[in-house]
Amino acid sequence: MQRLSWWLAWPTGLIRVGVVFLVSVAALAVVVRYPAVLREVGRQATSNSSLSYSDREIAGGNGLVVDQTALYAARALIPEDETYHVAVGSGYEGGTDSTVRFVDSYYRYFLMPRRPAEDAPWLICYGCDLEQYGSHSEVVWESGEDIAIARIRR
Amino acid sequence: MGERRGHRHREDSTLNAYALAGLVVLNLLLLASGTGLLWLLRGFDTWLELGRLAGLAYVLGVVTVGSLWTLLLIAGIPFSLWIVLVVPVAVTVGSALIARRRGRSPPRGGSVGAGNSLIVTAVGISATGLLLEGLFRMSRLSGLYWWDAWSFWIPKAKAIYLFGNLDVEFFTTLPGSSYPPLVPVLDAGAFHLIGSADVVTLHLQYWLFGVGFVWALAGILAERVPAWILWPFVLLLLVAPRIGRRFHITEADLLLDYLFVLAALLVAYWILDRARWRLVVATVLLSGMVLTKREGMLLAAVLLLAALLASARQWRSAWPALGVSAGVVVAVAAPWRIWYVVHGVAGEGPTSGGLDPTANTERLWPSFRLAFDVLLSSDYWSVIIPVALGALVLAAFARAYVLAVFFGTLVALVTLGGGWITWVIPELEITQELGANPIVRFMGSAALLCAAASPLLLAAAWSAVTAREGVDAT
């Protein structure tokens, strides 16, 4: 145990008190936060492990793609060496604002190594007008969410 | 039906075990590479010393092997499983052979000591381990939620893994196309050992980067900082809202911050003791920074600037060495910049203004104000910043000037750098909103630096007053 003068001497004692004070502040912050962080991390781990395989795999895309089965159907139907195009019709009412803006980016991530291309033989269609392709298009998959996958003969 | 489900379950477990075993093998190779390099550069007196520096060895292995993979990829060498395995094995064997030829002897026993310090260290390691275990469970089955991760970091990694090269179509059209490719390359290396582009298991790789960083930080600091000062700060950075719980996020921000902070500590130590190996390792980490993110260029530049200032009194010997270090960093940074210029990708610099003080003047003050607000926010960093500012004042008061000048300058320059980024890129809104301005992510480097520098500054102040009393007594 140090003598009181060791802590009160000028300026060394003041510096020692300052060091002990700042270490105590850090330690106190740890003591206060540690149990909460541990609980939160545990909750998050439980939440992650309770997800279904598809919820976990699609994760960030769940708020964008509207229907998970559309992603899996696209992956199953479009060969890895072929190209596709994602089109969102102006009147599409499913999903959120983000769906219109970002759903094509998500498909690009999810469907690799398939490449996106404007003139692709595969069309992933969110409420778009397939009639413009006339008899050249063949719908090979569709969902009740107004999403379809079509093969286009160009 | 039940039999089929059981068979499927066994199949999934086998795949999982294979993926995890692959990741373990990859990370052991990275650890071996870094250990070999550290043995060559500095040697290890004892096994205990090797254990203390194993975290730094791991990070050094990650950066060295990752940078070599990246440079080979840019040079057009196909990124195959073969390359993924050969590079770390070559680094390990090569550095071990050279170390033996230079007369490095293997480490010997070593004693862990005794007393209060050992108890504090044991408690600190246990508490840290418990938290890291929780983070492991959180990472193990995490989905990929982060916008930047699925919109370009992981697609780039998948492109490297699936096509074996810097696929021009993907690399020139994805968002962030000028961002350097070290992180996607490391991801692609992990995919090869996992056996597929399994983005769920990939979160464990990032958790391992975090563990390596914490180990490296504690190992470096333990050389100069007593256990009672060290461990509260190691734990503090883990419980800070925007640090520890982000360890598993598959983006480049935290990896960049790890490299920056470890390089800063090594440079600070080098200024104090001039052990050459420290500057060599710091140079490797700085080179990794410029291959990780475009902000890495800025952080490397301000770190070297702070080092120039803090070593000004010995400029004749220090500045040439820092110049060589800067030259190496520029040389490592160049190939990627040449690649993207050749392929017509827009550059990494500010879209307007740059250093022109007359451009965007209406954004000048709000931009710097934003950076300071983020730095001082306890919602992001808990008490890290006020404690660090107090530690800076105490270190200066105790005449530990070199450390105070170095870390004070560095924190100030990083903060000014954050303000500068917002100022010169008019597309960025003046907001802390993550999707509209990267300032919170960028200032994470300053916060992590503060958490790492505080114990060093406080220990320097403590030992300076003790040493002064010793002088007075004689």
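Residues are numbered from 1 along each chain as its sequence is written, while chains are lettered from A and ligands numbered from 1 in the order in which they are written. Because the model is predicted, local features need pLDDT of at least 70 and side-chain atom pairs count only at pLDDT 80 or more, whereas totals for chains, interfaces and linings use all residues.

**Chain B as a whole**

Select chain B and colour by secondary structure: there are 19 helices and zero strands, where helices (H or I, at least four residues) and strands (E, at least two) are DSSP runs numbered from the N terminus. The radius of gyration of chain B, taken over C-alpha atoms, is 22 Å, close to the 23 Å that the globule rule (2.2 Å times the number of residues to the power 0.38) gives for 474 residues, so chain B is as compact as a globular protein of that length. Its C-alpha trace spans about 80 × 65 × 45 Å along the principal axes. Of the 474 residues in chain B, 52% are buried; a residue is buried if 20 or more other C-beta atoms, placed from the backbone, lie within 10 Å of its own, exposed if 12 or fewer, and partly exposed in between.

**The side of chain B that touches chain A**

Now show both chains: 45 residues of chain B are in contact with 35 residues of chain A, contact being C-beta atoms, placed from the backbone, that lie within 7 Å. Helix 5 (116-140), helix 6 (147-163), helix 10 (227-239), helix 17 (384-397) and helix 19 (439-473) of chain B each supply at least two residues of this side, and the largest share, nine residues, comes from helix 6 of chain B. By class, the side of chain B that touches chain A has 32 nonpolar, seven polar and six charged residues, where Ala, Val, Leu, Ile, Met, Phe, Trp, Tyr, Cys and Pro count as nonpolar, Asp, Glu, Lys and Arg as charged, and the others, Gly among them, as polar.

**Helix 4 of chain B**

The buried residues of helix 4 of chain B are B:Val84, B:Val87, B:Pro88, B:Val91, B:Thr92, B:Ser95 and B:Ala99. These residues cover an arc of only 115° around the axis, which puts them on the same side of helix 4 of chain B; the arc is that of the directions from the helix axis to the C-beta atoms. The face turned away from that buried side carries the exposed residues B:Trp82, B:Val86, B:Leu97 and B:Arg101. Just after helix 4 of chain B, look for B:Gly103, which takes a positive phi of about 90°.

**Helix 14 of chain B**

Move to helix 14 (residues 315-342) of chain B and pick B:Ala326, which has 18 C-beta neighbours inside 10 Å and therefore counts as partly exposed.

**The sheet of chain A**

Finally, select the open sheet of five strands in chain A, which has the order 2-1-3-5-4 with mixed pairing. Strand 2 (115-116) and strand 4 (137-143) of chain A stand at the edges, each with a single partner strand, so one side of each is left without a neighbour in the sheet. Strand 1 (residues 83-88) of chain A pairs with strand 2 of chain A in the parallel sense over two bridges, pairing requiring at least two bridges found by DSSP, and A:Thr83 stands opposite A:Arg115 in strand 2 of chain A.

Conventions. Two residues are in contact if their C-beta atoms, placed from the backbone, lie within 7 Å.
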